[in-house]
Every structure is written in structure tokens, then in C-alpha cells.
Amino acid sequence: MTTHANLAIDADRLWQSLMDMAQVGPGIAGGNNRQTLTDADAVGRKLFQEWCERAGLAMGVDQMGNMFMTRPGTEPHSLPVYVGSHLDTQPTGGKFDGVLGVLGGLEVIRTLNDLDIRTKRPIVVVNWTNEEGARFPPAMLASGVFAGRHTLDWAYNSVDPSGKLFGEELRRIGWLGDEEVGSRKMHAYFELHIEQGPILETDGVDIGVVTHGQGLRWIECTVTGKESHTGSTPMAMRRNAGLGLAKLTDLVHEIAMRHQPNAVGAIGHIDVYPNSRNIIPGKVVFTIDFRSHMIEIIKAMLEEFCQRAPQICEGLGVSLETKEVGSFDPPAFDERCVKAIREAAQTLGYTYRDIVSGAGHDACWINDVAPTGMIMCPCTDGLSHNEAEHITKEWAKAGADVLLRAVVKTAEIAN
């Protein structure tokens, strides 16, 4: 491969693009509310399209609204290198989650145009629809359909809190394409993302080289006791489902701590019935989230919970029912893509370390169908899914520079 010493992105241009996109669907506290398939999402998509067309890219849109912006290669029949992420946000989201990966991909193209560098393979910048899943569950919906994890009809029938269907809203905002989902073939896929955790900033490291994503098991638990008066029911005669929740919360924490440093576990969603100040809870429904990048650890945590939790509940005089409501095994990213990212960081003189992604990303599904790699940059205090989410221009540049080099190496310079 020809070496270009000046192969570096324009940090000011990338930052300005991030700030311009942040004007679309502003939040109430400095971040963004650009949820998928809203009018704001349509405006953001249109802005991205305009920028891409100015950079000479040709657009394709599939039946899930995924946007594919193509820069031709000198060998047009070669499989393309894809790069991207998502433009949709949480209701109280930040300016950088997902957006950095999409606009970082566009900046790769702009830089190649500036330097008049042609690649043998085409390069495609992609905006995946509904990565967040904030409005239409589940998360990573469109990339999941692309990778064959979900069917198109099932996705179209996803319902938002107001009862609107995904398929109908996709058509309403004008981004229902006719391209078959998953028909595209990739030589490789790269995704740049903020870490969404504190490790890189705490360690003072510029680049996270993502080797694995976390797998997970979501277990919905129903603890059933007996509703009774909080004032008149003797303590020894209570069948307190809320106490069962408390004991099992402690158990989940204990199990995850015993499997450190490669595991996490918590109870998130909780519904308490009847949820009255002076009634002892008769039923509590909650979801356990166990995660690790090692499948054997996930299985061990789940096995221990299933052995010990019923005994705890029996001792409290309450019953326990469990069912699995979410599951995917931890992805290991492609060794060649990981190597290209690591070598790019090393060549550029950035500090780097291997890291496991604690969150789900479109790359986790695309990893099923194409060699995939992920790059992470730090974010302030590890804060994300929050309007106060922040990164520095220097972090953005470092991540995009590594992305540029990894993509160019994989797509191969033709001149």
C-alpha cells in the first residue's frame, strides 16, 4: 500500500459537521432529541444526504430506511468497505453517540477527495435506522434485519408508546426505500463510536481497540407475595414481594462482583404492585441484565442465580417465576479489522488499548455477516445517553484519523 504521510482528517470540518447536525432536533438541556422516524430524524437524514452528495457520493436506501452513500472504487466489482453508525438519538441524548461514526465516515470521504486518493474498493458510508430503540424496540433494529436477526414484517410492526407502527412512520417521513434489506455484501465494516464508559478517559488513553462486544441475558422475574396493610400486618406474618426484590438485587450484584473484571449485572426495569404507600407489595416484576464478553461467564452467572434465587424467595414466603426475554452471545470482532485499527493507532502515535464494548452497537449485528471492527474514543466522565454527553475535538480527530487509516488500508489505495 502506498503510504501518505499527510493522511489526516480536517478536525475543524468534522467538528463543525457535528455541531451542525446537533442543531437538528435539539434537546432541552444542550443535547439532542432526534428519535428515529420523527420529523427531526427526516431533517437530519436530508442534511446528511446533502453533505454526501456534495462529496460525490451516490445514495441507496433500503426497505428499513438504512442510508448507503457510495464512493466508487477503481475496481467497481470488488466488495466495498463500509463505515458508519447511526443518527438517531435517545429522547435526552447527546451530540456524539452514533453521530460521530456517521460523520466520521463522511469525513473519511472528504479527506480522500481533498487528497485526490482513489481506492480500489468502493467505500460506503451508512446511517443505520433506529439503533437506539428508544421509540421503537428493540435497539439495533434495522441492522438486525440486515443481518437476519429479525424479519422485515416483524420490524414493521414494532409499536411506539403512542401506538404508531414502525413501517407506517418510515413511510410517513419519506425514507422507505425499495432496496432489499441485507442484499448488500461487504468486504469489511468499521464503526467509530464514543466509549460510553469511563475506562479510556480514566486511563488517559486516546483510542480503544474493540476486540469484543458483550453478550447478555435478560431474565424477567415475577416475585409474588401477598398484599396487606403496612401498619397492621405483623412483621413475621408478611409475604413481602418488595423484600424479595431487595434480596435478589443484592444477589445479582454479588454474583457479578464475583466474576470481575469480566462481568456486569444489575436489575433495571421494575414494576411494583399495587405501588401504594401503605400496602406491602404483593407482586414485583423486574428484569435482570447479566453481561460479559465471555459466554462461559454469562452461563455461570445465570446458573448461580437460578440455583440460589428460588431458595431466597422460599425463605421469605414468596414465589418466583423467571423467563428469558433477551439474549445474544458476545461477538468477537474480526482479527484482521482489529489489527488494522491497532496498527493505525500505532502509526499515528496515539496511545491505545484493547477494550470490550459495554453497550450494543450496529457493529455487533453486522459482525454476523461481514468482517467487522470498532474504534472507540473517550467521552467525558464516561457519560452517554445524557444531554451532557461530551467529547473533545482532539478525541474526535484521533478516532477519525484511526478510522481513516484503517478504512484506506482495507479498501487499498489505487494511486
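Cys-221 is buried, with a relative accessible area of 0%; buried means under 20% relative accessible area, exposed over 50%, and partly exposed in between, with a 1.4 Å probe and protein chains only. The model is predicted: local features need pLDDT of at least 70, side-chain atom pairs count only at pLDDT 80 or more, and totals for chains, interfaces and linings use all residues. Residues are numbered from 1 along each chain as its sequence is written, and side-chain values use heavy atoms, with hydrogens and water left out.

A disulfide is a pair of cysteine sulfur atoms within 2.5 Å. By this rule the count is zero.

| Cysteine | Nearest cysteine sulfur | Distance | Relative accessible area |
|---|---|---|---|
| Cys-221 | Cys-306 | 8.1 Å | 0% |
| Cys-364 | Cys-337 | 14 Å | 3% |

Cys-364 is likewise buried.

Strands are DSSP runs (E, at least two residues), numbered from the N terminus, and two strands pair if DSSP finds at least two bridges between them. Four strands form an open sheet in the order S9-S11-S7-S12, with antiparallel pairing. Its edge strands are S9 (264–273) and S12 (319–328), each of which pairs on one side only. Neighbouring strands of the sheet are turned by 20 degrees against each other on average, direction ignored; the axes are lines fitted to C-alpha atoms, and angles run from 0 to 180 degrees between N-to-C directions.

Strand S7 covers residues 215–224 and runs antiparallel to S12, to which nine bridges join it. Thr-224 stands opposite Ser-319 in S12.
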